[in-house]
Amino acid sequence: MNSELRAALAPVLRDLDGPDGVRVRVEESDWAADIPLRSAGAMLWDTDGSGMGVRVELRRPRAVQVAFVADQVQEFAVEALWRLGRPTNWPRCPRHPATHPAAAEERGGEAYWVCPVSRETIGVIGGLGAPGGG
């Protein structure tokens with residue numbers, strides 16, 4: 001797998017592996033090779049066999065890549081959780097846990113989960129399970 005995509009996916013997959021997330025299998029794929037912006041892609045596979053492509057734009061700042069990939073993985077997670085009959089607001093916004101998920105955003109060179117309503121920072125992408133990580 002492309003090293004930039006691997007590095008951008010790693011923190012998001014750490015968060016997805018938490019108690020509210022889902023299991024995912026990541027497979028290298030060249031599906032994004034024809035996208036006009038130079039991109040690298042992979043496939044995310046759910047345990048039920050459904051899949052979704054994710055991609056990263058190459059040679060962009062790492063935090064921008066992480067936030068971009070997190071947004072795509074979040075879409076995968078929401079659909080996977082829906083199929084399991086579980087709450088689909090992943091990752092949960094701790095300020096509004098029954099209402100909406102947090103949103104991925106790059107701020108000042110770091111990728112964060114933020115509350116889409118208050119714009120408050122929830123935690124660094126990749127640190128949800130860490131003490132003080134959200």
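**Reading the model**

Reply: Arginine 59 counts as exposed, at 63% relative accessibility (buried means under 20% relative accessible area, exposed over 50%, partly exposed in between; 1.4 Å probe, protein chains only). The model is predicted: local features need pLDDT of at least 70, side-chain atom pairs count only at pLDDT 80 or more, and totals for chains, interfaces and linings use all residues. Residues are numbered from 1 along each chain as its sequence is written, and side-chain values use heavy atoms, without hydrogens and water.

Me: Where is arginine 59 found?

Reply: Arginine 59 sits in the loop between strand S3 (51-57) and H2; helices (H or I, at least four residues) and strands (E, at least two) are DSSP runs, numbered from the N terminus. Its phi is positive, near 60 degrees, in a residue other than glycine.

Me: In what order do the 3 strands of the open sheet stand?

Reply: Strands of a sheet pair through backbone hydrogen bonds, either parallel or antiparallel. Here the order is S1-S2-S3, with antiparallel pairing; two strands pair if DSSP finds at least two bridges between them. S1 (25-29) and S3 are at the edges, each with a single partner strand, so one side of each lacks a neighbour in the sheet.

Me: How many bridges join S2 to S3?

Reply: Strand S2 (residues 39-45) is joined to S3 by 7 bridges, and glycine 41 stands opposite arginine 55 in S3.

Me: Which residues does a cis peptide bond join?

Reply: Tryptophan 90 and proline 91 are joined by this bond, with omega about -15 degrees. Proline 91 belongs to the loop between helix H2 (62-84) and strand S4 (103-107).
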